[in-house]
Amino acid sequence: MELLQRAQAQGTKVDLQKLIDAIPYCRFLGIQVDRKGSELTMILRFDRKLIGNPMLPALHGGVIGAFLETTAIAQLILETDATELPKPVDIGIDYLRSGKPVDTYARAEITKHGRRVCNVRAEAWQDEHTRPIAALHGHFLVKPKE
Amino acid sequence: MLDHVPHAAAVGLTFVSVERGIAVLKLPYDEKLVGNPDTGVVHGGVITTLLDNCCGIAVGSSLTEMRPIATLDLRIDYMRPATPKEDIFARAECYKATSNIAFVRATAYHTDIGDPIATAVAAFMLNTAITRPQKQG
């Protein structure tokens, strides 16, 4: 991505909110970035279009998965010198509680940093950080600076 | 259209076919679903939504009575990027349902299911109806 390549060439970190806003699906979901130094929290603002079960109501499992995947990708961009968007190889999502119709937050951690593949864990929560609604673990292909 | 599911309607999911335990859905290509603006490839999360929803419908269609269901876990292997501007299909099969849990596998593809974009396996919780008797005393 041009934004990433430009930041790499200048030796600076890319503005993650700008990067997320350049991704149409992330803009559609309404994902916001809250970065404090090396600590990154992603925010998914509640919107009716994110509902998967209108009876409960609960967020769509796919939305939670997409949000966690985006959180993992953002963390990888923050911590690696990737010049392209990291690509998911495989992901596993555990759904722990139903996602209520409120804002959701997520953080990710790189468990293993390989040369080409990184293993990442991410967790999403709503009211209480200690009561996660979903957890993701996955492998991502990261193309480093040449 | 899956009008009763707001997010499914928002991304444009439509039914292709449903028979007992097997569901096929279609996701028409849309610019708003793109995950990489350089290539126009849809976001992996869109595939997650398509596969999760398709699995849920396969589970629902395998049940003899209406029961609320919830995804317990979903594992997705991404085989290749989706081709930009092409519609994506998903086929899910609920191959086993016990009294509490249903097991499903699914594939996302363009035209040939033998050349998958992604495959998934999932487990769903089969809940009892939400109306519970009130506790006495």
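**View 1. Contacts within chain B.** Among contacts in chain B between residues at least 6 apart in sequence, 62% join residues at least 24 apart, two residues being in contact if their C-beta atoms, placed from the backbone, lie within 7 Å. This is a predicted model, in which local features need pLDDT of at least 70 and side-chain atom pairs count only at pLDDT 80 or more, whereas totals for chains, interfaces and linings use all residues. Residues are numbered from 1 along each chain as its sequence is written, and chains are lettered from A and ligands numbered from 1 in the order in which they are written.

**View 2. Secondary structure of chain B.** Chain B holds two helices and eight strands, arranged along the sequence as α-β-β-β-β-α-β-β-β-β; helices (H or I, at least four residues) and strands (E, at least two) are DSSP runs, numbered from the N terminus. Taken along the principal axes, a box of roughly 65 × 30 × 25 Å is filled by the C-alpha atoms of chain B.

**View 3. The side of chain A that touches chain B.** Here 30 residues of chain A are in contact with 30 residues of chain B. The elements of chain A that give two or more residues to this side are helix H3 (24-29), strand E3 (51-53), helix H4 (61-79) and strand E5 (87-95), and E5(A) gives the most, with eight residues.

**View 4. Strand pairing between the chains.** E5(A) and strand E5 (residues 69-78) of chain B run antiparallel and are joined by five bridges, where strands pair if DSSP finds at least two bridges between them. Within E5(B), Leu74(B) is the bridge partner of Ile93(A).
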